[in-house]
Amino acid sequence: MYCKNCGTELPEGTRFCTHCGADQNAARPVYPVQERPSTNLVLAILVTVCCCIPFGVVGIVYASRVDSAWNTGHYEDAMKFSRLARRWSLWGIGLTLLFYIVYIILLFAGVSWAMWWDSADTFYTCLI
């Protein structure tokens, strides 16, 4: 048996939660049936492995909290954690793409400058 409020495991027949003190016999508000939100755990793991470790780790932390919030009846929190896991993962992908775009631009600029410098040096040695 689990606490209806905080999800702590309780012995069978317990009336009050030993962790939060919630009455286990009290009627819980009935929420409309909602679809379980995606945990986005796979996306967060891929971001961690392939792109950006810090953003991926934060995404994994939020993704791991989705199921526990859903199972304890905190539906709004589960939806929030799902959105946050997705948001952190997408930010990690976006920043990684931005990094590579800037890297390619700087690489192109460096090669162009080196070619210009080499051709200008050759031009000046011909004049002497």
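Student: Is phenylalanine 99 buried or exposed?
Tutor: Happy to start there, and do keep in mind that this is a predicted model. A residue counts as exposed when its relative accessible area is over 50%. Phenylalanine 99 has a relative accessible area of 52%, so this residue is exposed.

Student: Which geometry do phenylalanine 99 and tyrosine 103 show as an aromatic pair?
Tutor: Their ring centres lie 6.4 Å apart, and the angle between the planes is 20 degrees. Planes under 30 degrees apart count as stacked. The pair of phenylalanine 99 and tyrosine 103 is therefore stacked.

Student: How many residues apart are phenylalanine 99 and tyrosine 103 in helix H3?
Tutor: Both residues sit in helix H3, with about one helical turn between them. Tyrosine 103 is partly exposed, at 46% relative accessibility. Phe99 and Tyr103 also share one aromatic cluster with Tyr100. As for the spacing of phenylalanine 99 and tyrosine 103 along helix H3, they are four residues apart.

Student: Why is the pair of phenylalanine 55 and tryptophan 88 tilted?
Tutor: The structure holds five aromatic pairs, and one of them joins phenylalanine 55 and tryptophan 88, with ring centres 5.3 Å apart. Planes under 30 degrees apart would count as stacked and those over 60 as edge-to-face, with the rest tilted. The pair is tilted because its planes stand at 45 degrees.

Student: Which helices hold phenylalanine 55 and tryptophan 88?
Tutor: This pair links distant parts of the chain, 33 residues apart. Tryptophan 88 is partly exposed, with a relative accessible area of 31%. Phenylalanine 55 belongs to residues 53-71 and tryptophan 88 to residues 75-127, which are helices H2 and H3.

Student: Where does the side chain of serine 82 reach a backbone oxygen?
Tutor: Serine 82 lies in helix H3, and at 9% relative accessibility it is buried. Beyond four places away in sequence, serine 82 touches Pro37, Ser38, Asn40 and Val66. Its side chain comes to 2.5 Å from a backbone oxygen, that of serine 38.

Student: Why is the sulfur of cysteine 52 too far from the closest cysteine sulfur for a bond?
Tutor: A search of the whole structure finds zero disulfides. A disulfide needs the two sulfur atoms within 2.5 Å. Cysteine 52 is buried, at 17% relative accessibility. Its sulfur is too far for a bond because the closest cysteine sulfur, in cysteine 51, is at 7.7 Å.

Student: What pattern does the chain follow when read along the sequence?
Tutor: The chain has three helices and zero strands. Of its 128 residues, 23% are buried. Read along the sequence, the pattern is α-α-α.

Notes. Residues are numbered from 1 along each chain as its sequence is written. This is a predicted model: local features need pLDDT of at least 70, side-chain atom pairs count only at pLDDT 80 or more; totals for chains, interfaces and linings use all residues. Side-chain values use heavy atoms; hydrogens and water are left out. Rings of Phe, Tyr and Trp (its six-membered ring) pair if their centres lie within 6.5 Å; planes under 30 degrees apart count as stacked, over 60 as edge-to-face and the rest as tilted. Helices (H or I, at least four residues) and strands (E, at least two) are DSSP runs, numbered from the N terminus. Buried means under 20% relative accessible area, exposed over 50%, partly exposed in between (1.4 Å probe, protein chains only). A polar contact is a pair of N or O atoms within 3.5 Å; within protein, one must be able to donate a hydrogen and the other to accept it, and residues adjacent in sequence count only if both atoms are side-chain atoms. Contact means heavy atoms within 4.5 Å.
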